[in-house]
Amino acid sequence: MAYDPSDLPDVSGLTVGIIGGTGDQGRGLAYRFARAGQTVLIGSRSAQRAAQSAEEIAALPGVPAGGSVTGADNDEVARRSDVVIIAVPWDGHAATVAALAEPLAGKIVVDCVNPLGFDKQGPYALPVPEGSAVQQAAALLPDSRVCAAFNHVSAPLLADPEIDRIDLDVLICTEDRELAGVVAALAARIPGMRGVYAGRLRNAHQIEAFTANLIAINRRYKTHAGVRVTDL
């Protein structure tokens with residue numbers, strides 16, 4: 001079956017919250033969704049820091065005048081959002097997600113965290129008892145709809161206002177095919193991106209781990225590598 005963006009649902013009215021929205025990845029995703037006209041909530045442990053980051057993003061080139069980008073603490077963002085993206089550092093992943101289990105109940109949760117370590121030989125994948133970061137999130141959020149996506153999107157590309165298109169595929173792992181369509185539609189809000197279903201949550205480990213390979217490529221070739229699936 002060929003990729004057909006016309007089959008994707010309309011997600012323009014969804015509010016997207018980003019937990020870890022003041023970090024590089026979260027901030028970059030917030031900027032791209034704000035540019036697309038999505039209502040975006042920036043989450044942080046510090047509401048003041050989140051509000052400052054939201055003001056800075058709202059002032060960036062390409063964000064519609066009068067667009068909705070606001071900041072709040074993580075709990076409030078989780079309660080007010082339809083879709084919540086988890087973009088926190090791996091070492092704080094479990095504690096952050098567990099603390100938000102109640103406000104995230106019934107919500108779509110997109111985990112883009114990659115459990116990686118770094119040493120003098122470069123990046124490498126870390127073992128996760130649950131199998132992957134997203135499987136850890138799913139175990140901690142039994143009442144949420146959880147998927148993995150946006151793991152391989154370069155933060156510098158997301159944050160660069162001079163870049164209009166980001167030509168790559170967002171690999172989506174989830175148990176919920178309907179959810180895959182919603183997240184693919186969100187990915188398609190960013191020009192050049194496609195959301196591609198890549199299997200169940202048990203297949204997320206290799207996607208998260210592959211980020212180590214992409215970082216190695218980026219360092220060697222001075223680029224911002226991504227993933228594009230051929231013949232689709």
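This is a predicted model: local features need pLDDT of at least 70, side-chain atom pairs count only at pLDDT 80 or more; totals for chains, interfaces and linings use all residues.
**Exercise 1.** Work out how helices α1 and α2 are oriented to each other, and which residues meet.

*Solution.* Start with the geometry: the axes of α1 (residues 24-35) and α2 (residues 47-58) come within 10 Å and cross at roughly 45°. Angles under 35 degrees would count as roughly parallel and 65 to 115 as roughly perpendicular, so α1 and α2 are oblique to each other. Next, the hand: α1 passes α2 in a right-handed crossing. Now look at who's touching: α1 brings Arg 27, Ala 30, Tyr 31 and Ala 34, while α2 answers with Ser 53, Glu 56 and Ile 57. Sorted by class, that contact has four nonpolar, one polar and two charged residues.

**Exercise 2.** Find the residues that touch the most other members of the largest nonpolar core, then follow up on Met 193.

*Solution.* The core holds 41 residues, and the ones to pick out are Phe 33, Val 110, Phe 150, Val 170 and Met 193. Helix α7 (residues 177-188) supplies the largest share of this core, with eight residues. Then zoom in on Met 193: skipping neighbours within four places in sequence, its contacts include Phe 150, Val 170, Leu 158 and Ala 187.

**Exercise 3.** List the buried residues of helix α5 and say what covers them.

*Solution.* Within α5 (residues 133-140), go for Ala 133, Val 134, Gln 135, Gln 136 and Ala 137, which are buried. Their cover includes helices α4 (93-99) and α8 (204-221), plus strands β5 (108-111) and β8 (145-148).

Definitions and conventions. Residues are numbered from 1 along each chain as its sequence is written. Side-chain values use heavy atoms; hydrogens and water are left out. Axes are lines fitted to C-alpha atoms, for helices over the stretch in contact, and angles run from 0 to 180 degrees between N-to-C directions. Helices (H or I, at least four residues) and strands (E, at least two) are DSSP runs, numbered from the N terminus. Angles under 35 degrees count as roughly parallel, over 145 as roughly antiparallel, 65 to 115 as roughly perpendicular and the rest as oblique. A crossing is left-handed if the near helix is turned anticlockwise from the far one by less than a right angle, and right-handed if clockwise. Contact means heavy atoms within 4.5 Å. Ala, Val, Leu, Ile, Met, Phe, Trp, Tyr, Cys and Pro count as nonpolar, Asp, Glu, Lys and Arg as charged, and the others, Gly among them, as polar. A nonpolar core is a set of buried Ala, Val, Leu, Ile, Met, Phe, Trp, Tyr and Cys residues joined through side-chain atoms within 4.5 Å. Buried means under 20% relative accessible area, exposed over 50%, partly exposed in between (1.4 Å probe, protein chains only).
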